[in-house]
Amino acid sequence: MNTDRRDFIKASAVVTLGAAVNISKAETLFGIQGVTGAFELPPLGYGYDSLEPFIDTQTMQIHHDKHHQAYVTKLNEAIEKEPSLKGKTLEVLLSNLNTIPESVRGAVRNHGGGHWNHSMFWQLLKKDTKPGEKTTAEINGSFGSMENFKKEFEKSAMGVFGSGWAWVIVKDRKLAITKTANQDNPLMDIAAEKGKPVMCLDVWEHAYYLKYQNKRADYVQAFWNVVNWDKVEALVKG
């Protein structure tokens, strides 16, 4: 990571733990911008085959290089059409969709949401990690047990009709599970349930169809083998 990008990430804003959509100077994880101000596709930070056999190599390559890149490209095209939006972080754009000019609002919602969601998702994938002390305590406090938490999360993921995402968020200083359609997320001011995301799962078919075909349940259960609990712990503590 170059110095400009590292400095940008440190200086950018994200929602605070325990708040809905408030912006702070905490660690910004997602929706990185280059030195020109245009949004960029973030590197995975690991090999396409790193999540085998749970998420296959071909899916990871197509998902990251094709699908995610398309969201970044189309988001930048939308921003070019509305100069007043240039230089704003993705968190600011998404948490203030109702103030964005109508001519590009849909594009920012769909492609900006797609960029942010995927940028988060990649960082939440890693094999052979375990829930940290803080995360375990929060899960037990919010859901009673890890087993109950997993059941509720799987239910949410399976309950997405068509394309969308399952989320774990911080809301009212507790963890909660929610879901969104398409590329919406809990940061958006239009979200039915707002909060700080600390975990997510992409349940669009392109995220799993090559390996699991129509068996979304198998994909959702396999997800527990590749959750980067270290990153979740950092977000919960943040």
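**Burial, strand pairing and helix packing in a predicted model**

At a relative accessibility of 1%, T135 counts as buried. This residue belongs to helix α5, which covers residues 133–143. Leaving aside residues up to four places away in sequence, T135 touches W229, V232, E233 and V236. The model examined here is predicted, and the values below are computed from it.

Within α9, the residues W229, K231, V232, E233, L235 and V236 are buried. The cover over the buried residues of α9 includes α4, α5, α6 (146–158) and β5. Between K231 and V198 the sequence separation is 33 residues, while their C-alpha atoms are separated by 8.4 Å.

At the level of the whole chain, nine helices and five strands are present. Their order along the sequence is α-β-β-α-α-α-α-α-β-β-β-α-α-α. The chain has 238 residues, of which 50% count as buried. Among contacts in the chain with a separation of 6 or more, 67% are accounted for by residues 24 or more positions apart.

An open sheet is formed by three strands in the order β4-β3-β5, with antiparallel pairing. Its edge strands are β4 (174–181) and β5 (196–202), each of which pairs on one side only. From one strand to the next, the twist averages 25 degrees. Strand β3, residues 164–171, is joined to β5 by six bridges, and the two strands run antiparallel. Across this pairing, V170 stands opposite K196 of β5, and W165 has D202 of β5 as its bridge partner. On the β4 side, β3 pairs in the antiparallel sense over eight bridges. There, A166 has K179 in β4 as its bridge partner. β3 and β4 also form a hairpin with two residues between them. In the turn of this hairpin, D172 has a positive phi of about 55 degrees.

Although β5 is an edge strand of the sheet, seven of its seven residues are buried, so β5 is largely enclosed by the rest of the structure. β5 is also included in the cover over the buried residues of α9.

A207 is placed in the loop that runs between β5 and α7 (209–212). With a relative accessibility of 4%, A207 counts as buried. When residues up to four places away in sequence are not counted, A207 touches T59, H63, D202 and Y219. One of these residues, D202, is the bridge partner in β5 of W165. A207 and T59 are 148 residues apart in sequence, and their C-alpha to C-alpha distance is 6.7 Å.

H63, another residue touched by A207, is also one of the α2 residues that meet α4. Helix α2 comprises residues 57–81 and helix α4 residues 102–123; their axes come within 8 Å and cross at roughly 145 degrees. The crossing in which α2 passes α4 is left-handed. From α2, the residues in the contact are M60, H63, H64, H68, Y71, V72, K74, L75, A78, I79 and K81. From α4, V104, A107, V108, N110, H111, G112, G114, H115, H118, S119, F121 and W122 take part. The residues of this contact divide into 11 nonpolar, 10 polar and two charged. α4 is also included in the cover over the buried residues of α9.

Key. Residues are numbered from 1 along each chain as its sequence is written. This is a predicted model: local features need pLDDT of at least 70, side-chain atom pairs count only at pLDDT 80 or more; totals for chains, interfaces and linings use all residues. Side-chain values use heavy atoms; hydrogens and water are left out. Helices (H or I, at least four residues) and strands (E, at least two) are DSSP runs, numbered from the N terminus. Buried means under 20% relative accessible area, exposed over 50%, partly exposed in between (1.4 Å probe, protein chains only). Contact means heavy atoms within 4.5 Å. Two strands pair if DSSP finds at least two bridges between them. Axes are lines fitted to C-alpha atoms, for helices over the stretch in contact, and angles run from 0 to 180 degrees between N-to-C directions. A crossing is left-handed if the near helix is turned anticlockwise from the far one by less than a right angle, and right-handed if clockwise. Ala, Val, Leu, Ile, Met, Phe, Trp, Tyr, Cys and Pro count as nonpolar, Asp, Glu, Lys and Arg as charged, and the others, Gly among them, as polar.
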